[in-house]
Amino acid sequence: MGTNNFVTKLYQCVQLTLSYLSFNIYRMINDPKSQLFIAWTELGTSFVVSNVGEFSRSILGSHFKHNNFSSFVRQLNMYGFHKINRTPRAQRTSTTSQTWEFSHPKFLRARPDLLDAIKRKALEPDPRERGR
């Protein structure tokens, strides 16, 4: 295999890896087994996770390498998703009653063609590293 072919294949693998999160979430939302805990909103411009504790235990681990909801949220943030906590403040201590909504301008119901456009945010350089 020539160097150009190798670089092309490597680039394609990296592209697939960058989009892995969005494809996996899209598949999870559309999985009938997940719909008690994660579903599109009525307009299809965002998705809702309900009963965070049970979602983490039952669903998250079967689609990702972990079942930690905080890690899931951190990954969403790294890919430009925005979080809206729909749970009233008084109920936020109970994971069974928590409902969270997430959105991204390119993550839309019936638009899997846009998933490739969802990229991980570039890391900001550490200000302490300047001038070294």
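## Burial and overall layout

A residue counts as buried when its relative accessible area is under 20%, as exposed when over 50%, and as partly exposed in between, using a 1.4 Å probe on protein chains only. What you're looking at is a predicted model, where local features need pLDDT of at least 70, side-chain atom pairs count only at pLDDT 80 or more, and totals for chains, interfaces and linings use all residues. Numbering starts from 1 along each chain as its sequence is written, and side-chain values use heavy atoms, with hydrogens and water left out.

The protein has 3 helices and 4 strands, in the order α-β-β-α-α-β-β along the sequence. These elements are DSSP runs numbered from the N terminus: helices are H or I with at least four residues, strands are E with at least two.

## The aromatic cluster

Rings of Phe, Tyr and Trp (its six-membered ring) pair up if their centres lie within 6.5 Å; planes under 30 degrees apart are stacked, over 60 edge-to-face, and the rest tilted. The whole structure holds 15 aromatic pairs. Take Y26 and W40: their ring centres are 5.7 Å apart and the planes sit at 70 degrees, so this pair is edge-to-face. It ties together distant parts of the chain, with Y26 in helix α1 and W40 in strand β1 (residues 38–40), 14 residues apart.

Y26 and W40 are both buried. They also belong to one aromatic cluster, whose members include F64, F69, F72 and W100.

## Helix α3 and the annotated stretch

Helix α3 spans 69–78, and its buried residues are F69, S71, F72, V73 and L76. Just past the helix, G80 has a positive phi of about 85 degrees.

An unreviewed UniProt entry lists residues 60–84 as "domain: HSF-type DNA-binding"; such annotations may be inferred rather than shown by experiment. That span is 56% helix and 12% strand, with its end C-alpha atoms 19 Å apart.

## The largest pocket

The largest pocket has a volume of about 190 Å³, meaning the space filled by probe spheres set on its grid points, which are joined across faces, edges and corners. A pocket here is an open set of points on a 1 Å grid where a 1.4 Å probe fits, with protein on both sides within 12 Å along at least five of seven lines; lining residues have an atom within 4 Å of a point.

Of the 10 lining residues, Y20, L21, F64, Q75 and Y79 are closest to the centre. Helix α1 gives the most, with 3 residues.
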